[in-house]
Amino acid sequence: MTTGPVLGSLLGLLSDPLLIALMLAAIPLGMAFGAIPGLGGKLALVLAIPFVFGMDPIPGAVFLVAMHGVVHTGGAIPSILLGIPGSGPDAATVCDGHPLALRGEAGRALGASLAASAAGGVIGAVFLAVLIPIVQPVALAFGPAEFFFLAVLGITFIGAVSGDNLLKGLIVGSLGLMLSFVGTEPLAGIARFTMGVTFLQDGVGVITAVLAIFTIPETIALTTSGGGHVPHRPGTTGTASLLRGVADVWTHRWLTLRSSLIGSGIGLVPGLGGDVGSWTAYGHAVVTSRSPERFGKGAIEGVIAPDAANNSKEGGALLPTLFFGIPGSSGMVVLLGAFVVLGIQPGPAMLRDQPGLVWTLIWTLVVSNVLAALVFLVLGRWLVKAIQVRVGVLVPFVILLTLLGVQAAGQSWHALVVLFALGLLGYGFKRADWPRAPFAIGIVLGPLMEISLHQSLAIWGPSFILRPGALVLQAAIAATIAVAIRRARRPHKGSNDAA
Amino acid sequence: MDGATWIRLGVLLLLTAVSACSAPQAWESPEEARAFFEGQTLTYVVATEPGGSYDTYGRLVARLLPKHLGVARAVVKNVPGGGHIRGANEIAEAPADGLTLGTFNTGMIQAQLLRREGVRFDLNHLSWIGKAGGEPRVLVASRQSGVRTIEDLRRLDRPLVMANSGFGNEGYHDSLLLADALGFDVRFVFGLPTRAAQLSMMRGEVEAHMASTSAYRAFVRDGHGHIVVTLGTATALDEAAPWASALDLDPSTKGVLAFQSSLARLTRWTAGPPGIPEARLAVLRQAYTATLADPEFAASAAKLDLPLLPMDGATLAEEVARALSPAPAIRERLERVLRREPPR
Amino acid sequence: MRLEVAVSLSVLVLMGAMVAVATTYPAEVRLVPLVVGLPATVLAAWQTAGAMRRAADGPPRDAEREPGSERRPIAKSFAWLAAFITLVIAVGFVAGGAVAVLLAQRFWLRERWPVAVAGASVAFVVSYVVFERMLGLVLFRGLLVEALR
């Protein structure tokens, strides 16, 4: 590959005022859609399509990719400050990001988030560039058998994120799995666990469940603690604390790299979805940490890992989208439609026929992630100040945004009742020291695990476990279980309220 | 007349007057109906998540309909779930003032005929506005499957492994009815919408899939699969692939395939709840037809690779009524074939 | 300790009920729920038994308190949350959300009237201006409003 189109497209991107202006317009839009609960990148793209009708291909594509690429950068903001995940994949950031904010280190958490997001986005773009020649065999290597064991691997992280509470973590994780089975079963069209309630035929909803188990308990705890403000430590809210968080990403650079590669790899495989990436990275961070008992209480790695994975997945997901015309995620389905509107025909010939466009999109991911981090750095101080209002002013808005998040995610009003009921349970978990991260892992991975198991059995029968990719993943599962059991047997290190 | 009779007459007149006043739109003139829509907000319900083909068609209609109807704006409301049943219910139960329309798939015809769980609509009574799509549906077999013709299907001594997104959708009905008509058996692998089904075919996991023509244009062109048979009555992707309607089959089987082909012609329809006043319904139908005829609509649809085969609301209503009263032999066949447990 | 027992028992009852219902489904539909639910129910039963034993053995353990702070009752907070949700369900996000914010700030969290009114205005702007007008999302109008239509 010559360097001509590679460097030429970077120069073209940075020297074109229109492209810079479009990126600067797209970045806050993408971050806003990520930050407002329930909206997300897919809706941002759907609403942006009418605006790109009639644009030239490159400016239109730059606008869309820049917007979509920074959605999770924005999604981390409410996750950390308010405990409200912007979307399903941002829920992993809540586990440690929000406790950091509650003990007065919101600035540090935001700084780590923005730097990890930027690093992840850049690494994802590099991943995209490097893998272009081998995208087809890699994307085709993963089928239902591999998906099933990937889901099981993710579920075994339940043990890792449960800390010393392995028994409770397994129970909570299983409850998340069971709740993921509520709804119309796809094989026979039978409604399961719906108790005759029509609305439950569509399931509990990941956003509803995550908001109920994480956000509601934290919000109620704020109102019952008696304090007038969200706690903060003097001197931890200015630019210095933000930069401390940025420095944390450099301190944990290998974790950042590994999490970014996990996110990119998962984005590359069509059908896995963003939730899998962030929780896998989070679980990986716990498993590989020397002091896993800190997770769930404000471990900075618990912010770095999922945020790096969330942004790097965009680069990975662009690969099958651009070169196959096969979207790597539901957001990519919309992006693909938008590309067609712009006159861009994704397919294997793209690199040969339109190298300039391909490299421009790769550089757009890099530049937009860096610019988003700078925007975030400037806004960070004011964002942190925003949660220093009185609890009495803050809490009703947190509740309203939570309810709006459920509605914006496409759920009917009945979901608000489910939100309340699960919120009660979530509060019970919090007060009784039960880990809550396993619940999110269960509800996110349950459907993937079940459908890929049935697909594998339908295609290969029980012999699907002997497929090469499946065997590799089974070895990884065994190793993860061994680590979790060994840690559970270590002497207790005091009270544990892992999220 | 005696006093009692006068009283009864008076009460009757009073009731008539009250009814007339409480339903003024029943007496609306066309001008009044058109004026009603001025400055209003119309809600367009799409029975899927954002981003798929139903959503794309729906958003295109919502973008250009205000120009021809006079409403201030049309807002898309996504109501996914239940295989389009939830969205169809929402449309059917909306207020009948003409400000709520929407789209869902033709699988709701079978859902109603087979009395599927959760159905609260009656398609006979919906206010049909028109339809935009109608491209044929194709049975595509992967290159690895070795199946190229109907004879290959009939010669299989095992079930054909077919991809499908879920139980009870259009592809599911088409696949089962085609298999029954042409004499081969089917085993479904569920949870595979079109893109995933294509990947699965390329990996050699599943052998075939039933979907719309435009979804498979690139796949077939790139040599990953072949069209074995086409269901529908419009322009074919592959002129060499036989039309199901042209096959030499017994009359009863031909009848079922003709029924299914007629449904394939009705896709991407727009409907409103029952009881929209006549004058407003006429205005809506005119505006919808004008929207589809708008050059901007055609240009956008072409850009998005969305085939356009318009039909006006009145004709659509007749077609739907016909589809909902199939001949007893066809109904019996639908019950027998579509009610069975998903083959494994 | 009593909270531990309550949570353990709630999870056990929920899990057990789901497993019992799952046994009524056809084979391939009940497979994965039973594979997950049966062992989890056993674990939940073990956890519940352990929690009950600890509650019987040891003195009740108070929940952690921040030194020097008063605590508002939890039941009151959940009652207000329920009221908030009920208002939104009854009259929709735009009207219900604004009224709920007003009432919550004034009567639950004891903010002054100007703050509560300002809060309600912001809630209205967020729901109607941002979500409905700018983003084009049709928010739920409320059961009462829909019944009247």
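Here is a short walk through the three chains, one selection at a time.

Before you click anything, note that this is a predicted model, where local features need pLDDT of at least 70, side-chain atom pairs count only at pLDDT 80 or more, and totals for chains, interfaces and linings use all residues. Residues are numbered from 1 along each chain as its sequence is written, chains are lettered from A and ligands numbered from 1 in the order in which they are written, and side-chain values use heavy atoms, with hydrogens and water left out.

**Stop 1: chain C against chain A**

Select chains C and A. Here 61 residues of chain C are in contact with 59 residues of chain A (contact: heavy atoms within 4.5 Å). The two bury about 5500 Å² between them, with 80% of that on carbon and sulfur atoms. Buried area here is the accessible area (1.4 Å probe) that two parts lose on being put together, summed over both.

Now look for charges. The count between chain C and chain A is 2 salt bridges (a side-chain nitrogen of Lys or Arg within 4 Å of a carboxyl oxygen of Asp or Glu).

Helices (H or I, at least four residues) and strands (E, at least two) are DSSP runs, numbered from the N terminus. The largest share, 15 residues, comes from α3(C). By class, this side of chain C has 45 nonpolar, 9 polar and 7 charged residues. Nonpolar covers Ala, Val, Leu, Ile, Met, Phe, Trp, Tyr, Cys and Pro; charged covers Asp, Glu, Lys and Arg; the others, Gly among them, are polar.

**Stop 2: C:Gln105**

Stay on helix α3 (residues 74-108) of chain C and pick C:Gln105. Buried or exposed? C:Gln105 counts as buried because its relative accessibility is 0% (buried is under 20% relative accessible area, exposed over 50%, partly exposed in between; 1.4 Å probe, protein chains only). Leaving out residues up to four places away in sequence, C:Gln105 touches residues of both chains, including A:Gly392, A:Phe397, C:Arg110 and C:Gly119.

**Stop 3: chain A against chain B**

The area buried is about 2900 Å², and carbon and sulfur atoms give 60% of it. The rule does find 4 residue pairs in polar contact, both at pLDDT 80 or more.

**Stop 4: inside chain B**

Chain B has 14 helices and 11 strands, and 56% of its 344 residues count as buried. Zoom to strand β4 (residues 127-131), where 5 of 5 residues are buried. Strand β4(B) runs antiparallel to β10 (residues 269-272), joined by 4 bridges (strands pair if DSSP finds at least two bridges between them). There, B:Trp128 has B:Ala271 as its bridge partner. β4(B) also pairs in the antiparallel sense with β11 (residues 311-312) over 2 bridges, and B:Gly130 partners B:Asp312.

Notes:
Polar contact = N/O pair within 3.5 Å; in protein donor to acceptor, adjacent residues only side chain to side chain.
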